[in-house]
Amino acid sequence: MKRILIITGLLIFSTQIAHAESTDILAERQRENKLAKTTPNIYKVTAKTGVAFKVQTAIGYITTIDLPETAMKVFVGDAELFKVEVYDKQIVVKPLTDYRDARTNLTVYTKTGRLSFDVSVGPAETADFVMDFRLPEDDALVENAFQDKVRQKEKELETQYQKKVSQQEEKVAELTQEKFEEELSKGALTKRLKISEKEDGVQVNLLSLSEVGTRSYIRFSILNYSDRDYRIQNIVLGKETIRRKGFNLRKEGFVPVEAEVNTEYLILANSYHYGLLHFDKLVLRKNERLVLKVYEEGNAKPIRFSNIPWEVK
């Protein structure tokens, strides 16, 4: 009887150790890959050239690597240990052995850059089912939980907003200079933008871009959904130089553009204002983009617009 109890205790202890090891392995791989976990065993990953991403497979399972671009070339270190199949933007990896120390590397070349992987075999509970890779600039399109809360607030204020639209349209006329109104009456090229950026309960909307003669005008609105007043310190327009290196876009310089701003610099809680930005017509090079930054008093992080559409058609 004593021997049975000892054996049972050893089995329980061994199971606990195995579970702890699996948990530690998964945590370590998530930390090294800097994965954004969505659902168990499925991840969204930002593509980087200088990183070896760890991929753990398991016998009886496949691991799918979703690429942001078509795979041009795929190389596997040991094809006898792992079966690798390529389908356009998908790569399927399946282990051919249950040897726990089985390991190899995988290199994938796309049009933009290179992805490297460290592939191993492990238990099923810590296996990677899907790794969904995104280009770095695509991450900006992924909305977070805060933006979902802002949408809720937008719906709550929708009725109030519609009632005030007509009143706010009158304020726009007050913001424009007499010269602008005279030129505008002669005819202007206008393009609707409908671009929005949000930060801490404050949303800035770029509404339209207009060209009149040698002058350009950006019409915008600032909506304060928060329970505090929002004070504008500065609104800066500029040209930013961008260069691509592999998967990454590198910012190489920002040159401010001289512009005049007409707006209210204090936006009370749960209110909004329209504004107008006007400046000399710009010429942008192929690797330049138009950037707008709205700074709040006491806050070094601006609400930022990158790559504002420039041509008016």
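**Strands and rings**

Modeller: Let us begin with two paired strands: β11 and strand β12 (residues 202-212) run antiparallel to each other and are joined over nine bridges. Please keep in mind that this is a predicted model.

Biologist: What holds the strands of a sheet together in general?

Modeller: Strands of a sheet pair through backbone hydrogen bonds, and the pairing is either parallel or antiparallel. In the present case, Lys 198 stands opposite Gln 203 in β12.

Biologist: In what order do the strands of the open sheet lie?

Modeller: The open sheet has five strands in the order β11-β12-β13-β18-β16, and their pairing is antiparallel. At its edges stand β11 (189-199) and β16 (259-262); each has a single partner strand, so one side of each has no neighbour in the sheet. From one strand to the next, the twist averages 20°.

Biologist: Where in the chain do Phe 53 and Phe 117 lie?

Modeller: Phe 53 belongs to strand β3 (residues 52-57) and Phe 117 to strand β9 (residues 114-121); the pair thus links distant parts of the chain, 64 residues apart. Together with Phe 133, Phe 53 and Phe 117 form one aromatic cluster.

Biologist: Is Phe 53 buried or exposed?

Modeller: The cut-off for buried is under 20% relative accessible area. Phe 53 counts as buried because its relative accessibility is 2%. Phe 117 is likewise buried, with a relative accessible area of 2%.

Biologist: Why is the pair of Phe 75 and Tyr 109 called edge-to-face?

Modeller: Planes over 60 degrees apart count as edge-to-face. The planes of Phe 75 and Tyr 109 stand at 80°, with the ring centres 6.2 Å apart, so this pair is edge-to-face. Phe 75 lies in strand β5 (residues 73-76) and Tyr 109 in strand β8 (residues 103-109), so the pair ties together parts 34 residues apart in sequence. Phe 75 is partly exposed, at 46% relative accessible area, and Tyr 109 is also partly exposed, at 34%.

Biologist: Which residue lies over the face of Phe 254?

Modeller: Lys 293 lies there, at 4.0 Å from the ring centre of Phe 254.

Definitions and conventions
Residues numbered from 1 in each chain as written. Predicted model: local features only at pLDDT ≥ 70, side-chain atom pairs only at ≥ 80, totals over all residues. Heavy atoms only, no water. Helix = DSSP H or I, 4+ residues; strand = E, 2+ residues; numbered from the N terminus. Buried < 20%, exposed > 50% of the residue type's maximum accessible area, 1.4 Å probe, protein only. Phe/Tyr/Trp six-rings, centres within 6.5 Å; stacked < 30°, edge-to-face > 60°. Lys NZ or Arg CZ within 6 Å of the ring centre and 35° of its normal. Pairing = 2+ DSSP bridges. Axes fitted to C-alpha atoms, helices over the stretch in contact; angles between N-to-C directions.
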